[in-house]
Each structure stands twice: as C-alpha cells, then as structure tokens.
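Please read the points beside the sequence and the model.

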Amino acid sequence: MALDNFRRITIDVDTANDYIPPVMLSGGDSNGRTLLVKLTDNGKAVTSAAGITAKLAYADGCGNSGYKTMTSVSGYETAAWECAAPGSVLKTDSAHLCVQFWQGSDVVCTRVFHASVDRNLVSLESGTTSGDAVKELYDTIANLNQVINRANASANKADSSAASADANADAANKAASAATAAAKQANAAAAATKPYYMQAAEPARDKRVDGMLWMQTNEGTHKITSFKRWDTGLPGTALWPGATTFPSDSTYPDEKGAWTPFTI
C-alpha cells in the first residue's frame, strides 16, 4: 500500500489572492510529504490544465532557494498538480514556500505560505533538492539489514558445520590466527609504502602524498636532476587571511605542502 492519501497535503487555490494555511513537514521523511495543489476559478472547476504550469518555489532557513516544476495529475474534479517537498527544506526548522501558476510567460498567481519542519533525529546534509541524502540513509539501513540477515544465515550454517568438525577446530583457529597476523603485516607494509615518480614533469597535485619521492629527470641527457620529497606539513603556497593578503590576478588559494629537495 503506497499510503498516497496518507502523506498528501492538499492545497486549494480558488482565487489569485487566496490564503494558504501553514503546513507541517518532517526532516526525517524521504518523499514523505506530497504537496497537491488543486486550482479552481472562483468556485468553478478548471477542466483542463493545458497551457497552465504550476511551480513550487521555496526559500529555506539555510539560505537555499529554488523551485520545482509540479507534475499535472488527473482523477480530481478540477485541474491539479503535485510534487514532493524539496529535500533542502527538510534540513531546516522552517521555510517559506509559494505556489505559482504560469500561463505562457505570464505569472498569473503567486501565493506564499509557511512550512514548519520537525527536526530529524539523525543529522543529515541533504545536498540536493530531491532529498537524496535522506533516501540514501534509508537505503543504507535496508542494505545493512540484508547484510545482517545473510550474516546470521551464514553463522547458523557455520554452527551446524562446526558440530561435525570439532577435530579440525584447533587447526582452523591456528590458520585463522596466522592469516590475521599475515594480514596485519600486509596492511602495515601497504601503509608504509610511498609512491614515487621518475619523470620530468611535476606530479599532479592530487597524486601527491606525504613522504612520496619525485626523481626529476632530464629526458635529453637521461640523468636525474634532483630528488624531492613531498612534505604536507610545509606551508608551500598556501594562503592565510592577513593584513598583507589580498585577492588579485596573481594570488591563488592553495593547500599546504611543498617539495623538499635532496642531493647526493
């Protein structure tokens, strides 16, 4: 059951100056509120939505604003449009929404109304107006439950197998301990491994890690011209606000880090 009627907030607009009462939203919902706008013409049904576009504009308490073009829906006694509540609005405590009706390039009606938002118990950054982050959390929880169920099934199967494998338990434990120790050694070796580049051009910024080596080459003479180590703790060309720091055509922000040269 989709609970479409359960989560639908119906807004009736009969004249260009109609009052729209405040609505209540919840930051913990993912597409949990559908705003349905029904348009009538001073008490008369609008039998066709052709040539009319409905938009939902919003301005939330975090400074985000925008609009969503609503989808025309059928099955009502008059023209109607709907859309889900904007995802960025669900991050705030309150927001201003407004319904706009367009005919061609003319905005024939703009009605502003207030939305109160129940704060979500889980802190989320939505990132998009469609509420993808909230949906992503619920998808993650659903996937986690599936993983737990598979793990429990595997554990039950392992328990059944263990009943007939008591004689091999000690050997299996020793093998597991050896594998764990080998994995730790491999992880330690991998963490200690630093990349190096042997080339004439400076390695790209996104390839540099602390302690990496750049052997700068002279491709004409086939000689190493310098050895340089990348140190992320050095200031390099990074900028900090100060009395002598001003934006200009020759001033660019940068991350910390610089090459430390070495010679033989």
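1. Two strands are counted as paired if DSSP finds at least two bridges between them, and the strands themselves (E, at least two residues), like the helices (H or I, at least four residues), are DSSP runs numbered from the N terminus. In this sense, strand S10 (residues 106-118) runs parallel to S2 and is joined to S2 by 4 bridges, with alanine 115 of S10 as the bridge partner of valine 23.

2. The model is predicted, and local features need pLDDT of at least 70, side-chain atom pairs count only at pLDDT 80 or more, while totals for chains, interfaces and linings use all residues. Residues are numbered from 1 along each chain as its sequence is written, and side-chain values use heavy atoms, leaving out hydrogens and water.

3. The order S2-S10-S9-S5-S6 describes an open sheet of 5 strands with mixed pairing. Strand S2 (23-26) and strand S6 (65-69) stand at its edges, and because each has a single partner strand, one side of each is left without a neighbour in the sheet.

4. Another open sheet has 4 strands in the order S11-S12-S13-S14, again with mixed pairing; its edge strands are S11 (196-199) and S14 (258-262), each of which pairs on one side only. Strand S13 (residues 223-231) pairs with S14 in the antiparallel sense over 5 bridges, and phenylalanine 262 in S14 is the bridge partner of phenylalanine 227.

5. Isoleucine 148 belongs to helix H1 (residues 132-163). Isoleucine 148 has a relative accessible area of 39% and is therefore partly exposed, a class that lies between buried (under 20%) and exposed (over 50%), judged with a 1.4 Å probe and protein chains only.
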